[in-house]
Amino acid sequence: TQNGFSMASSANNTFVSNNASFNIKSGFYIISSIFNNFTGNYAYNNTISGFYFITSSNFNNLSSNLAYNNSQYGFGIQTSSNNTIVSNNVSFNLLSGVYLLTNANSNNLTSNLVYNNTKHGFLINASSGTTFTSNNASFNLQEGFIFVSASSNSTLRHNNAYNNTGNGFTLSASVSAVFVNNTAFFNTLNGFKLDAGANTSNFSN
(Lines give C-alpha, C1' and ligand atoms only; values in the text may rest on other atoms or scores of the structure.)
Protein backbone atom coordinates (compact mmCIF):
# COMPACT_ATOMS: atom_id res chain seq x y z
CA THR A 1 0.00 0.00 0.00
CA GLN A 2 1.00 3.66 -0.32
CA ASN A 3 0.57 4.51 3.37
CA GLY A 4 -0.40 2.13 6.10
CA PHE A 5 -2.86 4.61 7.64
CA SER A 6 -3.75 7.83 5.83
CA MET A 7 -5.90 10.48 7.50
CA ALA A 8 -6.89 13.92 6.21
CA SER A 9 -8.91 16.68 7.88
CA SER A 10 -10.04 14.45 10.71
CA ALA A 11 -10.24 14.85 14.49
CA ASN A 12 -10.62 12.98 17.76
CA ASN A 13 -9.58 9.54 16.55
CA THR A 14 -7.65 6.97 18.56
CA PHE A 15 -5.13 4.47 17.18
CA VAL A 16 -3.93 1.80 19.61
CA SER A 17 -1.60 -1.18 18.98
CA ASN A 18 -1.70 -1.05 15.19
CA ASN A 19 1.07 -2.18 12.88
CA ALA A 20 1.84 -0.01 9.82
CA SER A 21 4.93 -1.47 8.19
CA PHE A 22 6.47 -2.27 4.79
CA ASN A 23 4.53 0.50 3.02
CA ILE A 24 5.64 2.30 -0.15
CA LYS A 25 5.33 5.67 1.62
CA SER A 26 4.74 6.13 5.35
CA GLY A 27 3.29 3.99 8.08
CA PHE A 28 1.01 6.74 9.41
CA TYR A 29 0.40 9.74 7.12
CA ILE A 30 -1.59 12.48 8.87
CA ILE A 31 -2.56 15.70 7.08
CA SER A 32 -4.57 18.61 8.49
CA SER A 33 -5.88 16.52 11.37
CA ILE A 34 -6.17 17.51 15.02
CA PHE A 35 -6.72 16.09 18.51
CA ASN A 36 -5.91 12.48 17.60
CA ASN A 37 -4.21 9.91 19.84
CA PHE A 38 -1.64 7.34 18.76
CA THR A 39 -0.58 4.86 21.43
CA GLY A 40 1.46 1.67 21.25
CA ASN A 41 1.64 1.49 17.46
CA TYR A 42 4.40 -0.04 15.34
CA ALA A 43 5.78 1.58 12.17
CA TYR A 44 8.83 0.00 10.57
CA ASN A 45 10.40 -0.72 7.19
CA ASN A 46 8.45 2.05 5.46
CA THR A 47 9.99 3.79 2.44
CA ILE A 48 9.47 7.31 3.83
CA SER A 49 8.67 7.69 7.54
CA GLY A 50 7.12 5.71 10.31
CA PHE A 51 4.88 8.62 11.34
CA TYR A 52 4.49 11.73 9.17
CA PHE A 53 2.38 14.71 10.26
CA ILE A 54 1.96 17.59 7.82
CA THR A 55 -0.03 20.77 7.13
CA SER A 56 -1.52 21.89 10.42
CA SER A 57 -1.82 18.51 12.03
CA ASN A 58 -1.95 20.06 15.48
CA PHE A 59 -2.69 19.01 19.05
CA ASN A 60 -2.10 15.31 18.47
CA ASN A 61 -0.73 12.96 21.11
CA LEU A 62 1.82 10.24 20.28
CA SER A 63 2.86 7.98 23.12
CA SER A 64 4.66 4.64 23.49
CA ASN A 65 4.95 4.05 19.75
CA LEU A 66 7.80 2.19 18.05
CA ALA A 67 9.28 3.58 14.80
CA TYR A 68 12.35 1.84 13.40
CA ASN A 69 14.20 0.95 10.24
CA ASN A 70 12.29 3.41 8.05
CA SER A 71 14.09 4.72 4.96
CA GLN A 72 13.84 8.36 6.04
CA TYR A 73 12.56 9.32 9.51
CA GLY A 74 10.96 7.65 12.46
CA PHE A 75 8.81 10.74 13.14
CA GLY A 76 8.46 13.61 10.66
CA ILE A 77 6.54 16.68 11.82
CA GLN A 78 6.15 19.45 9.22
CA THR A 79 4.17 22.70 9.53
CA SER A 80 2.34 21.17 12.48
CA SER A 81 2.27 22.51 16.03
CA ASN A 82 1.38 21.79 19.63
CA ASN A 83 1.79 18.05 19.34
CA THR A 84 2.83 15.97 22.35
CA ILE A 85 5.36 13.20 21.69
CA VAL A 86 6.02 11.08 24.77
CA SER A 87 7.86 7.83 25.56
CA ASN A 88 8.37 6.68 22.00
CA ASN A 89 11.16 4.39 20.82
CA VAL A 90 12.76 5.63 17.59
CA SER A 91 15.73 3.72 16.18
CA PHE A 92 17.66 2.47 13.16
CA ASN A 93 16.03 4.91 10.74
CA LEU A 94 18.13 5.72 7.69
CA LEU A 95 18.02 9.50 8.12
CA SER A 96 17.10 11.10 11.46
CA GLY A 97 15.04 9.66 14.26
CA VAL A 98 12.79 12.69 14.87
CA TYR A 99 12.61 15.52 12.31
CA LEU A 100 10.78 18.80 12.99
CA LEU A 101 10.63 20.80 9.77
CA THR A 102 9.44 24.24 8.63
CA ASN A 103 7.25 25.84 11.26
CA ALA A 104 6.77 22.73 13.30
CA ASN A 105 6.35 25.04 16.28
CA SER A 106 5.58 24.60 19.98
CA ASN A 107 5.77 20.83 20.00
CA ASN A 108 6.55 19.02 23.25
CA LEU A 109 8.83 15.97 23.33
CA THR A 110 9.29 14.08 26.58
CA SER A 111 11.04 10.85 27.59
CA ASN A 112 11.65 9.59 24.06
CA LEU A 113 14.42 7.08 23.38
CA VAL A 114 16.10 7.88 20.06
CA TYR A 115 19.14 5.82 19.08
CA ASN A 116 21.16 4.19 16.32
CA ASN A 117 19.79 6.40 13.55
CA THR A 118 22.03 6.87 10.52
CA LYS A 119 22.05 10.68 10.82
CA HIS A 120 20.75 12.68 13.78
CA GLY A 121 18.71 11.69 16.78
CA PHE A 122 16.63 14.90 16.81
CA LEU A 123 16.81 17.37 13.89
CA ILE A 124 15.01 20.70 14.28
CA ASN A 125 14.90 22.78 11.10
CA ALA A 126 13.28 26.23 10.87
CA SER A 127 10.98 25.55 13.81
CA SER A 128 10.51 27.42 17.08
CA GLY A 129 9.28 27.04 20.61
CA THR A 130 10.03 23.34 20.93
CA THR A 131 10.30 21.86 24.43
CA PHE A 132 12.48 18.81 25.09
CA THR A 133 12.34 17.14 28.49
CA SER A 134 14.11 13.97 29.63
CA ASN A 135 14.83 12.59 26.17
CA ASN A 136 17.75 10.29 25.36
CA ALA A 137 19.67 10.51 22.09
CA SER A 138 22.43 7.93 21.78
CA PHE A 139 24.55 6.02 19.29
CA ASN A 140 23.35 8.14 16.37
CA LEU A 141 25.88 8.49 13.54
CA GLN A 142 25.76 12.28 13.56
CA GLU A 143 24.43 14.65 16.25
CA GLY A 144 22.23 13.71 19.15
CA PHE A 145 20.28 17.00 18.98
CA ILE A 146 20.78 19.59 16.22
CA PHE A 147 19.01 22.90 15.63
CA VAL A 148 19.46 24.57 12.22
CA SER A 149 18.03 27.29 9.97
CA ALA A 150 16.82 29.84 12.49
CA SER A 151 15.19 27.40 14.88
CA SER A 152 14.52 29.60 17.88
CA ASN A 153 13.23 29.73 21.45
CA SER A 154 13.63 26.05 22.23
CA THR A 155 13.89 24.80 25.80
CA LEU A 156 15.83 21.67 26.74
CA ARG A 157 15.70 20.25 30.27
CA HIS A 158 17.15 17.01 31.65
CA ASN A 159 18.04 15.50 28.27
CA ASN A 160 20.92 13.09 27.66
CA ALA A 161 23.08 12.88 24.54
CA TYR A 162 25.74 10.21 24.60
CA ASN A 163 27.82 7.99 22.34
CA ASN A 164 26.85 9.95 19.22
CA THR A 165 29.41 10.12 16.42
CA GLY A 166 28.98 13.90 16.04
CA ASN A 167 28.19 16.40 18.80
CA GLY A 168 25.80 15.78 21.63
CA PHE A 169 23.95 19.10 21.16
CA THR A 170 24.49 21.50 18.22
CA LEU A 171 23.03 24.96 17.58
CA SER A 172 23.73 26.22 14.06
CA ALA A 173 22.20 29.53 12.94
CA SER A 174 19.65 29.13 15.71
CA VAL A 175 18.99 31.47 18.61
CA SER A 176 17.46 31.93 22.04
CA ALA A 177 17.68 28.36 23.25
CA VAL A 178 17.56 27.53 26.96
CA PHE A 179 19.54 24.52 28.23
CA VAL A 180 18.97 23.36 31.82
CA ASN A 181 20.48 20.23 33.44
CA ASN A 182 21.29 18.43 30.21
CA THR A 183 24.07 15.84 30.02
CA ALA A 184 26.38 15.08 27.11
CA PHE A 185 29.08 12.41 27.37
CA PHE A 186 31.12 10.02 25.24
CA ASN A 187 30.25 11.85 22.01
CA THR A 188 32.97 11.67 19.35
CA LEU A 189 33.15 15.43 18.82
CA ASN A 190 31.79 17.94 21.37
CA GLY A 191 29.25 17.70 24.10
CA PHE A 192 27.72 21.09 23.28
CA LYS A 193 28.57 23.14 20.18
CA LEU A 194 27.33 26.60 19.20
CA ASP A 195 28.04 27.01 15.51
CA ALA A 196 27.75 29.97 13.14
CA GLY A 197 24.94 32.34 14.01
CA ALA A 198 24.01 30.69 17.29
CA ASN A 199 23.56 33.33 19.97
CA THR A 200 21.56 34.56 22.96
CA SER A 201 21.40 31.06 24.39
CA ASN A 202 21.31 30.32 28.12
CA PHE A 203 23.12 27.34 29.61
CA SER A 204 22.83 25.82 33.06
CA ASN A 205 24.01 22.24 32.68
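I take buried to mean under 20% relative accessible area, exposed over 50%, and partly exposed in between (1.4 Å probe, protein chains only).

**What I am looking at**

The model is predicted, and local features need pLDDT of at least 70, side-chain atom pairs count only at pLDDT 80 or more, and totals for chains, interfaces and linings use all residues. Residues are numbered from 1 along each chain as its sequence is written, and side-chain values use heavy atoms, with hydrogens and water left out.

**Entry: S21**

I looked up S21 and found S21 in the loop between β2 (14–16) and β3 (28–31). Strands here are DSSP runs (E, at least two residues), numbered from the N terminus. Is S21 buried or exposed? S21 counts as buried because its relative accessibility is 15%.

Next I checked polar contacts (pairs of N or O atoms within 3.5 Å; within protein, one must be able to donate a hydrogen and the other to accept it, and residues adjacent in sequence count only if both atoms are side-chain atoms). The side chains of S21 and N19 are joined by one of 2.6 Å. The S21 side chain also reaches the backbone nitrogen of Y44, at 3.2 Å. For contacts in general I used heavy atoms within 4.5 Å. Not counting residues up to four places away in sequence, S21 touches Y42, A43, Y44 and N46.

**Entry: the sheet**

I then traced an open sheet of 7 strands, with parallel pairing, in the order β5-β8-β11-β14-β17-β20-β23. The edges are β5 (42–44) and β23 (183–185); each has a single partner strand, so one side of each is left without a neighbour in the sheet. Two strands pair if DSSP finds at least two bridges between them. I looked at one pairing: β11 (residues 89–91) and β14 (residues 113–115) run in the parallel sense over 3 bridges. In that pairing, N89 stands opposite L113 in β14.

I124 is in strand β15 (residues 122–125). I noted I124 as buried because its relative accessible area is 1%. Leaving out residues up to four places away in sequence, I124 touches L100, T130, F132, I146, F147, V148 and S151.

A nonpolar core is a set of buried Ala, Val, Leu, Ile, Met, Phe, Trp, Tyr and Cys residues joined through side-chain atoms within 4.5 Å. The largest one has 33 residues, and F38, F51, V98, L100, F122, F132 and F145 touch the most other members. Elements giving two or more residues to this core include β3, β6 (49–54), β9 (73–78) and β15. Another core, of 6 residues, lies apart from it, and among its members are Y73, Y99, L101 and V148.

**Entry: aromatic pairs**

Rings of Phe, Tyr and Trp (its six-membered ring) pair if their centres lie within 6.5 Å; planes under 30 degrees apart count as stacked, over 60 as edge-to-face and the rest as tilted. How many aromatic pairs does a search of the whole structure find? The search finds 25. I picked F5 and F15, an edge-to-face pair at 5.6 Å centre to centre, with 80 degrees between the planes. F5 lies in strand β1 (residues 5–8) and F15 in strand β2, so the pair ties together parts that are 10 residues apart in sequence. F5 counts as partly exposed at 25% relative accessibility, whereas F15 counts as buried at 14%. Ring pairs also link F5, F15, F28, F38, F51, F53 and F75 into a cluster.

Methods
Helix = DSSP H or I, 4+ residues; strand = E, 2+ residues; numbered from the N terminus.
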